[in-house]
Amino acid sequence: MTDALETFRQEVRTWLDGAVPRDWRETCATHAGFLAVQRSWFATLAAGGYAVPHWPAPWPGGGRSLAEQKVIYEELARADTPRLLLSFMSTYHAASTLFEWGSAEQQAHYIPRILEGEIWCQGFSEPNAGSDLANVRTRAERRGDVYVVNGQKLWSTMGQFADQCLLLVRTSNEGAKQAGLTYLLLDLKTKGVTARPIHQIHGDEEFAELFLDDVEVPVANRLGNEGQGWAVAQSTLSSERGLTLLELGARMRGALWRIADLIRANGRDGDVGLLRDVGRLATRVDATCALADQFLANRIAGEERVGDASLVKLSYSRTLREFTALGLRIGGLDAQYHQPIIFGGGMETGNWMADFMNSYAWTIAGGSDEVQRNIISERLLGMPREPKSWVTEARS
Amino acid sequence: MTMTRAELQGAARQAFGEGGLTPHAEKSWSLIAEMGWLMMAVPETQGGLGLGREAVGVIHTELGHALVPGPAIAQMLVIEALSAAEDSPERDDLLARAMGGEMMTASLSSGRKVDCVPDADRASHLLVMAADRVALVPLAGATITPRDTWDKTRRLFDVDVTGDGVTLATGDAAVALGRRIETQLLFALAGDSLGGADAILELTVDYLKTRRQFDRPLALFQALKHRVADMKTWLSAAEALFWSRALDTDATLDEIGALKAHATSVYRAIAEDAIQLHGGIGLTMEHHCHLFLKRATLNAVLGGDTDYWEEQAGRQLLQAG
């Protein structure tokens, strides 16, 4: 590591020493406490200039080199800081999509508000549009200067707490399913919006259902043209599959000590078979981090291929499952006794059964592992696409 | 480095791409020497090209990609040891000869025993590493016993040497040199494995696209697409780790050992499934599938086996706390 980077690391570490809220885990036992911690920690990071190191240079807090970003994420993990869950969609998904598709006016309006703490969620999935996202049926009808939206959205991360929503809607039923989609920015305080939390198997409520009943969205709040929604949505999803995983990979590597601690606590540091398992896992974590690094370097150099982001996401999701499964295995019976979860504690909290169940979030959300495997085999390996319709296929 | 990784890769792929898999041993050896690959990592002051570990990584991945036979890995260990030894006219002479293609060999096993020595019957010298002394010993007069391995792309021998040869390092310097050579061996085996894994994966995907059953290419079946997508993912992550550790001058022996264990595991898994995905043809000696599986399983045990290096990685993690 270069001296400049080491100096930067010390600078971040020193800053974090004075800035990390010490008792955040206790506070996060309740939803109200979780929200308070998330908001104040984001504000602290934003003020310190560490909230959005991945943003491009002109924006405050942005323009950090890849190496500096990694240092920040590693130090955040090392200092055991709360992971920014509430503002995750805002700083990654919303910002990346706005940088790529937003007009100058839209960027000037929304981006500074993200830094001030405005919360975004994503309204893509629906009851009948999960892996088959192009099947979106939430309808937007244009009436003068507004779209009138009706439908239901599912799996909106933090949707019950959000201010704004990245909304994928259908404006046409003509032609290919993808061609009839449009991308809107919805203010969730608009009349006709109802949000309901979804209770997950590990006890958290990180997602919401959104019900949209004659909701009016100004035409000015559209990203891209009418019918371009699929392309805009791809850039949102690609930011999740690739960009966010640099941070999550660094956090997973930073959390390996939890497994080491667990092994020592259970007096199993002489168990050679277990040492091998954990050694194999640690190398897999390193490989996933290296893949995320390479992805970002290629992206910055303009050499990203369609499907590269899927490799990173699949490598991360499978490795996270192995990580949490190994913790659960070593945890033994202790891990089977229920412990309350810490809201926003991250993917690796040491509450192993909860972590294990929560790891499905990455194998299902944002395009399931199976969807990633389709993308990898079709786009990167050039294998034939799935037949468009099984009905036609069956008849032929 | 003066050549980018992609340029070097392109040149190497061209050199070994045309001969197909397992090219002729003697022709390959001349080609390796002619291309200057043996002098790649040697400093310019010693007559080498002064390129770093990344360039060496390209060579080993390409040798693995084409299943090139011969003692290139062992030769490069000898060259590394000669390059690190103290200046002397004798050293300079041996180094120049080794870089020029005079075959010199070394053990590819992890211990201090002199086994797993490639092409010992054709080599002039053997690198011998004892706890407190590293030496280059002439093979004339040595007892050389061929060991027939399942992997026919490598020719391994047990060697019983006589004589002391030329001392390259003693005491602490020998210990340090031993670690350096071991690291180099593990790195080379990792590269060889990832090159081979890439080749057999590509061949498997091509086969699935071509082979038709039930009136459609096998590549249309999602059950098979998903398997190769997983292989591609693990391979891509292992490759990313390989290149990142190639550039990391602080990488420890244990880190390169863990990399080698990971790379050979990925190679083995891909080569193993490749036979299954090829079906009956994959079980025939005429087909190339088995060549990869055999080289993969051999790579997995050379230089210390997967169990050993995974255990070391686990111990490192526990020590780091």
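The following paragraphs describe the two chains of a predicted model, their contact, and selected local features.

Chain A contains 14 helices and eight strands. Its radius of gyration is 21 Å, close to the 21 Å that the globule rule gives for 396 residues, so chain A is as compact as a globular protein of that length. The C-alpha trace of chain A extends over about 70 × 55 × 45 Å along its principal axes. Of the 396 residues in this chain, 48% are buried.

The assignment for chain A gives three domains: domain 1 covers residues 3-82, domain 2 covers 119-226 and domain 3 covers 232-380. A distance of 30 Å separates the C-alpha centres of domain 1 and domain 2 of chain A.

In chain B, the secondary structure amounts to 10 helices and nine strands. The radius of gyration of chain B is 20 Å, which agrees with the value near 20 Å for a compact globule of 321 residues. Along the principal axes, the C-alpha trace of chain B spans about 70 × 50 × 40 Å. Buried residues account for 52% of the 321 residues in chain B. Among the contacts of chain B between residues at least 6 apart in sequence, 68% link residues at least 24 apart.

One open sheet in chain B consists of three strands in the order β2-β6-β5, with antiparallel pairing. Its edge strands are β2 (117-118) and β5 (143-147) of chain B, each of which pairs on one side only. Strand β5(B) is joined by five bridges to β6 (residues 156-160) of chain B, and these two strands run antiparallel. Within this pairing, B:Pro146 has B:Phe157 of β6(B) as its bridge partner. In general, the strands of a sheet pair through backbone hydrogen bonds, in either a parallel or an antiparallel manner.

The contact between the chains draws 33 residues from chain A and 31 residues from chain B. On the side of chain A that touches chain B, the elements giving two or more residues are α8 (256-265), α9 (272-300), α10 (308-331) and α13 (369-380) of chain A. The most is given by α9(A), with 15 residues. By residue class, the side of chain A that touches chain B comprises 18 nonpolar, seven polar and eight charged residues.

A:Arg264 was examined individually. This residue is found in helix α8 of chain A, one of the elements that give two or more residues to the side touching chain B. A:Arg264 has 12 C-beta neighbours inside 10 Å and therefore counts as exposed, since the cut-off for an exposed residue is 12 or fewer. With residues up to four places away in sequence left out, A:Arg264 touches A:Asp269 and B:Leu318. The C-alpha atom of A:Arg264 is separated by 56 Å from that of A:Val215, a residue 49 places away along the chain.

Definitions and conventions:
Residues are numbered from 1 along each chain as its sequence is written. Chains are lettered from A and ligands numbered from 1 in the order in which they are written. This is a predicted model: local features need pLDDT of at least 70, side-chain atom pairs count only at pLDDT 80 or more; totals for chains, interfaces and linings use all residues. Two residues are in contact if their C-beta atoms, placed from the backbone, lie within 7 Å. Helices (H or I, at least four residues) and strands (E, at least two) are DSSP runs, numbered from the N terminus. Ala, Val, Leu, Ile, Met, Phe, Trp, Tyr, Cys and Pro count as nonpolar, Asp, Glu, Lys and Arg as charged, and the others, Gly among them, as polar. Domain bounds come from an automatic or database domain assignment. Two strands pair if DSSP finds at least two bridges between them. The radius of gyration is taken over C-alpha atoms; the globule rule is 2.2 Å times the number of residues to the power 0.38. A residue is buried if 20 or more other C-beta atoms lie within 10 Å of its own, exposed if 12 or fewer, and partly exposed in between; C-beta atoms are placed from the backbone.
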